[in-house]
Amino acid sequence: MEKLLLAAKADRTERALLIQDSDPRVLLSLLRNPRLTTEEVARVAKSSVLTFQIADVISKAAQWMASIDVRLAVIHNPKTPPALALRILPTLPDAEVRAIARAGTSMALKTAALRKLQSK
């Protein structure tokens, strides 16, 4: 409970430690911190404890999704729900779409990437 309260108002050094926490509730609370940077959000998106809720919160924040690093972190995380990854795919540069078509995390994502490349 203490970590949850701290995450919402933590400073940079505290946030760096909390990003490494294995409790998804702490990461969700951290995403409510107004001082969170896009680099920190990208690290959360790369986390091995990413859940649907965390990915959803990140994807609904326009200021975070404007960052290519955040979008790439979300789409390359194997725990990202396929539907969310498919929504992000059209926003990526062609070079990234090619990389996903070659070695995507899911078959549906690879297929969608190939279709996008073939339609050009």
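# Close-up views of a predicted model

**View 1. Asp56 in helix α5.** Helix α5, which runs over residues 52-59, is the place where Asp56 is found. The relative accessibility of Asp56 is 19%, and because a residue under 20% is classed as buried, Asp56 counts as buried. The side chain of Asp56 is joined to the side chain of Lys60 by a polar contact of 3.0 Å.

**View 2. Val57 and its contacts.** Val57 also belongs to helix α5, but with a relative accessibility of 35% this residue counts as partly exposed. When the neighbours within four places in sequence are left aside, Val57 is in contact with Leu28, Leu31 and Trp64. As a further reference point, Glu39 is 18 residues from Val57 along the chain, and the C-alpha atoms of these two residues are separated by 16 Å.

**View 3. Pro34 in the loop between α3 and α4.** The loop that lies between α3 and α4 contains Pro34, and this residue is exposed, since its relative accessible area is 74% and the class of exposed residues begins over 50%. Along the chain Pro34 and Lys9 are 25 residues apart, while their C-alpha atoms are separated by 7.8 Å.

**View 4. The packing of helix α9 with helix α10.** Two helices that pack together are described by the angle between their axes and by the distance between those axes. Helix α9 (residues 94-103) packs with helix α10 (residues 107-118) at an angle of about 135°, and the two axes are 8 Å apart. This angle is why α9 is described as oblique to α10, and the crossing in which α9 passes α10 is left-handed. On the side of α9 the contact is made by Asp94, Val97, Arg98, Ile100, Ala101, Arg102 and Ala103, and on the side of α10 by Leu109, Lys110, Ala113, Leu114, Lys116 and Leu117.

Technical notes. Residues are numbered from 1 along each chain as its sequence is written. This is a predicted model: local features need pLDDT of at least 70, side-chain atom pairs count only at pLDDT 80 or more; totals for chains, interfaces and linings use all residues. Side-chain values use heavy atoms; hydrogens and water are left out. Helices (H or I, at least four residues) and strands (E, at least two) are DSSP runs, numbered from the N terminus. Buried means under 20% relative accessible area, exposed over 50%, partly exposed in between (1.4 Å probe, protein chains only). A polar contact is a pair of N or O atoms within 3.5 Å; within protein, one must be able to donate a hydrogen and the other to accept it, and residues adjacent in sequence count only if both atoms are side-chain atoms. Axes are lines fitted to C-alpha atoms, for helices over the stretch in contact, and angles run from 0 to 180 degrees between N-to-C directions. Angles under 35 degrees count as roughly parallel, over 145 as roughly antiparallel, 65 to 115 as roughly perpendicular and the rest as oblique. A crossing is left-handed if the near helix is turned anticlockwise from the far one by less than a right angle, and right-handed if clockwise. Contact means heavy atoms within 4.5 Å.
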